[in-house]
Amino acid sequence: MEQATFGGGCFWCTEAVFQNLNGVQKVVSGYTGGRIANPTYKEVCSGLTGHNEVIQVTYDPQVISYEELLEVFWKTHDPTTLNRQGNDVGTQYRSGIYFQNAEQQRLAEQYKQKLTEANAFDQPITTEIVPLKEFYPAEDYHQNYYNLNGNQPYCQFVVKSKVDKVKAVFGDKLKKSVA
């Protein structure tokens with residue numbers, strides 16, 4: 001198994017997007033990129049710690065490649081809005097790829113360059129591509145959030161549309177129980 005770490009706005013959204021992919025064993029919501037150890041959700045939401053809400057994906061590279069995970073990442077959030085995803089505003093919602101080795105860095109930068117050269121977005125890509133230093137799992141109540149709280153208004157109006165998009169665009173990559 002290998003791991004990939006992505007920040008694409010609220011971790012409830014990104015967690016739900018990646019959980020259904022075939023080859024993904026586990027998705028953990030958490031924090032990275034900040035100035036203090038073991039931050040709380042309240043501290044991260046203050047915007048003062050410098051942390052980003054991220055997910056850490058444990059996956060089987062024989063079933064789904066890092067490149068395929070990157071494709072899902074790029075197509076399921078807006079990488080052109082600095083410190084923002086929709087109505088979620090703050091540095092904790094920035095777009096980021098947190099690589100764990102030189103190959104992940106190369107692939108992430110190559111994909112970003114390809115999107116930039118193709119003018120895939122109307123605005124410049126603001127996604128940071130930096131080494132993963134520390135990953136701190138979020139509190140238990142943030143884990144598996146959409147599956148446990150799907151009827152909550154935020155889940156219905158924000159998360160569900162992202163999950164539905166993944167089902168429509170990446171149907172061939174979904175676990176059989178979801179497809």
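How far apart do the end C-alpha atoms of residues 3-156 lie, and what are the helix and strand percentages of the span? The model under discussion is predicted. In this model the end C-alpha atoms of residues 3-156 are 29 Å apart, and the span is 32% helix and 25% strand. According to the unreviewed UniProt entry, residues 3-156 carry the annotation "domain: Peptide methionine sulphoxide reductase MsrA".

Strand 6 comprises residues 95-99, and five of its five residues are buried, so the strand is largely enclosed by the rest of the structure. In a regular strand, side chains alternate between the two faces of the sheet. Here both faces are covered: Ser 95, Ile 97 and Phe 99 are buried on one side, and Gly 96 and Tyr 98 are buried on the other.

Strand 6 pairs with strand 1 (residues 2-8) in the antiparallel sense, over four bridges. Within this pairing, Ile 97 of strand 6 is the bridge partner of Phe 6. Strand 6 also runs parallel to strand 7 (residues 128-131), to which four bridges join it. Ile 97 has Ile 129 as its bridge partner in strand 7, while Phe 99 has Pro 131. Ile 97 is therefore bridged to Phe 6 and also to Ile 129 of strand 7, and its own burial belongs to the complete burial of strand 6, which is why that strand is described as largely enclosed.

**Aromatic pairs**

The structure holds nine aromatic pairs. A pair of aromatic rings is described by the distance of the centres and the angle of the planes.

| Pair | Centre to centre | Angle between planes |
|---|---|---|
| Phe 6 and Phe 18 | 5.4 Å | 20 degrees |
| Trp 12 and Tyr 145 | 3.7 Å | 5 degrees |

The stacked pair of Phe 6 and Phe 18 links distant parts of the chain, with Phe 6 in strand 1 and Phe 18 in helix 1 (residues 11-19), 12 residues apart. Phe 6 and Phe 18 are both buried. In the stacked pair of Trp 12 and Tyr 145, Trp 12 belongs to helix 1 and Tyr 145 to helix 5 (residues 145-149), so the pair ties together parts that are 133 residues apart in sequence.

Why do Trp 12 and Tyr 145 count as buried? The cut-off for burial is under 20% relative accessible area. Trp 12 is buried because its relative accessible area is 13%, and Tyr 145 because its relative accessibility is 12%.

One aromatic cluster is formed by Phe 6, Phe 18, Tyr 66, Phe 73, Trp 74 and Tyr 111. Tyr 111 also has a charged neighbour: the charged end of Lys 114 sits over the Tyr 111 ring, 4.6 Å from its centre.

**The annotated residue Cys 10**

The unreviewed UniProt entry assigns the annotation "active site" to Cys 10. Cys 10 is placed in the loop between strand 1 and helix 1. With a relative accessible area of 7%, Cys 10 is buried. Which residues does Cys 10 touch, not counting those up to four places away in sequence? On that basis, Cys 10 touches Glu 53, Asp 88, Tyr 93 and Tyr 154.

Conventions
Residues numbered from 1 in each chain as written. Predicted model: local features only at pLDDT ≥ 70, side-chain atom pairs only at ≥ 80, totals over all residues. Heavy atoms only, no water. Buried < 20%, exposed > 50% of the residue type's maximum accessible area, 1.4 Å probe, protein only. Helix = DSSP H or I, 4+ residues; strand = E, 2+ residues; numbered from the N terminus. Pairing = 2+ DSSP bridges. UniProt positions renumbered as here; feature names shortened; annotations may be inferred. Phe/Tyr/Trp six-rings, centres within 6.5 Å; stacked < 30°, edge-to-face > 60°. Lys NZ or Arg CZ within 6 Å of the ring centre and 35° of its normal. Contact = heavy atoms within 4.5 Å.
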